[in-house]
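Dear colleague,

I am passing on the structure below.

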Amino acid sequence: MTVSTLNRRSFFQKLGKAMPHGAGEQGQAGEKLNPFRISDQELPLVPPPTTTISLSGGLEPYNGPWDVDQATHLLRRICFGVKKADLDLLLGMTVDEAVSHVLNTSLPQTKPVYNYFEDTDPNNPYDYEEPNLQLGETWVTEPYDFNGDAEGYRIQSFRGWWLEQMVNQGASILEKLTLFWHNHFATQTASYFNGKGCYQHNELLRSKALGNFKEMTKAVTLDPLMLIYLNGVYNTKWAPDENYARELQELFTIGKDNPDHYTEEDVVAAARVLTGWKIDYEKATMWYYAVDHDNTDKQFSAFYNNTVIPGNVNAEVELDALLDMIFAKNEVAEYLCRKLYRWFVYYHIDATTEANVIQPLAQIFRSGGYEIQPVLETLLKSTHFFDAVNKGCYIKTPVDIVIGTLRSFNLGIPSQTYWDDFEMKYFLTDMLIGQQMVPGDPPNVAGWQAFRQVPLYYRMWVNSTTVRRRNEYLALLFSPFIATSDDNRLQIIPVDFAAQMSNPYDPVVMIDDMVKILLPQPLSDNKKWLLKNILLSGQSSDSYWTIAWSDYVNDPSNDMYYSIVNTRLTNMLAYMLLLPEYQLA
């Protein structure tokens with residue numbers, strides 16, 4: 001089999017030569033923001049938190065008020081950003097109806113991964129095209145390209161498609177939950193330089209996102225991307241590889257929350273169970289090679305009640321027995337419920353939360369046969385979830401900043417041509433690289449530090465580098481510089497955002513409405529006064545804004561009227577997005 005000589009580094013260096021306008025902003029010491037600067041370096045350390053928050057409430061159904069505060073809190077936790085249309089939709093429902101709606105994951109995807117490249121396209125700066133496809137056709141059924149550049153472009157095409165799913169999501173938990181499972185069963189695109197394999201792995205996670213966790217674990221175990229990433233393809237009876245067997249227990253199921261856990265001997269025995277699985281690199285499929293499977297008995301420790309898994313020439317029988325043994329442990333349900341809690345509620349779990357929330361959720365998880373949906377439904381409908389102290393209590397992820405901001409301002413990914421579409425998604429990828437969270441490439445098998453680093457957790461997202469990159473991105477969105485052409489720009493239009501508010505003629509009401517959508521907590525009177533002062537350009541009377549807005553509404557084609565309101569809204573909203581409160585969810 002001939003293997004491509006094109007490696008990840010050389011591909012990214014080649015692709016990084018062209019970028020949309022605005023993505024080439026200068027960094028420190030003239031540093032160019034280089035796309036695909038994806039590395040395995042962890043986030044730098046930050047000071048520990050000075051205080052902790054003790055959360056109250058249990059899993060009893062929430063029966064308090066259902067208004068903007070509660071609905072926006074739900075949307076921030078299960079979506080990226082808050083869209084006014086989604087907020088209005090949920091406010092027309094009860095709490096139970098709203099949670100049931102957001103747990104609907106059977107939503108149509110906007111479009112498949114498709115081919116951006118045609119050598120004759122004048123917009124294409126690369127001497128490349130998909131050999132068997134027309135422009136715009138999907139490549140997901142194409143064979144692996146051993147001798148060309150296709151796989152690198154396909155991987156970025158896949159990543160752009162994934163970002164598009166996030167931007168275009170409705171009021172549904174699917175995208176944030178898919179990202180949760182990607183962080184939980186962490187893999188890296190570069191480990192298997194195969195676009196189809198990366199796409200199929202993502203489809204596996206999203207198709208099982210609210211299904212059965214045990215079934216998902218088995219499917220991920222045999223998934224080609226995971227088999228490559230954690231050396232499953234090299235695991236044979238002649239040379240057992242313990243990599244996946246260790247992470248299966250330590251990171252994916254049992255965890256190490258309790259001092260009494262599996263032993264090194266259990267890792268070795270599990271590795272022997274998992275021998276014999278291979279992949280067809282070209283087709284991105286899994287197959288079983290019985291000659292490499294260790295079909296002798298496997299003895300486990302007292303932690304697993306001294307279980308013996310009988311050897312079998314059918315490795316899948318042994319795999320099922322291994323998962324049955326692991327999932328019989330209470331630790332599995334507790335570990336997963338803690339991870340779900342930290343993703344959707346808060347990172348700190350005190351003794352009260354452990355007793356009133358985690359343990360009851362774990363019991364629901366176990367008794368329900370490890371079905372995921374009942375656990376999340378119970379959590380999202382609970383009094384604990386809607387406690388006021390849970391609102392705005394953790395720092396937004398970079399994906400929340402990059403994708404959530406687009407969604408809150410009703411921005412899609414502009415694409416006059418296929419190449420425009422590719423470049424815009426390329427720009428968003430670069431913004432995520434600068435903020436150190438790139439879907440498809442977490443730093444290692446443990447996922448991103450912010451979801452696991454005790455005691456810092458979400459504080460890991462904020463450091464001298466990432467804060468600058470966050471603010472650069474937010475500032476660029478108010479500028480005309482993110483563009484592939486004069487007709488293809490990614491830019492916030494403040495007047496369109498303001499027009500959605502309940503009464504844009506009244507600056508006080510309009511600012512209140514905007515704060516509720518964009519910020520997770522109320523602002524002080526002083527900060528509201530400052531925002532209004534920016535909007536009024538220092539004028540003392542609210543009527544200044546009311547007249548300006550009325551003039552624009554009555555004659556929207558008048559450039560002067562438009563410029564007056566849009567400029568003042570731009571200044572105010574740009575300032576609002578730089579407030580510390582905007583960094584919270």
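**Charged pairs and cysteines**

Arg-206 counts as buried, with 6% relative accessibility (buried means under 20% relative accessible area, exposed over 50%, partly exposed in between, with a 1.4 Å probe and protein chains only). This is a predicted model, in which local features need pLDDT of at least 70 and side-chain atom pairs count only at pLDDT 80 or more, while totals for chains, interfaces and linings use all residues. Residues are numbered from 1 along each chain as its sequence is written, and side-chain values use heavy atoms, with hydrogens and water left out.

Arg-206 forms a salt bridge with Glu-175, their closest N and O atoms being 2.7 Å apart (a salt bridge is a side-chain nitrogen of Lys or Arg within 4 Å of a carboxyl oxygen of Asp or Glu). Glu-175 is in helix α6 and Arg-206 in helix α7, 31 residues apart (helices, H or I, of at least four residues and strands, E, of at least two are DSSP runs, numbered from the N terminus). Glu-175 is also buried, at 4% relative accessibility.

A second salt bridge joins Glu-318 to Lys-298, with the closest N and O atoms 2.6 Å apart. Here helix α12 holds Glu-318 and strand β3 holds Lys-298. Both residues are buried.

Across the whole structure, the search finds 28 salt bridges. Asp-257, Glu-334, Arg-338 and Glu-354 are linked in a network of them.

There are zero disulfides (a disulfide is a pair of cysteine sulfur atoms within 2.5 Å). Cys-79 is buried at 0% relative accessible area, and Cys-198 is buried at 3% relative accessibility.

Regards
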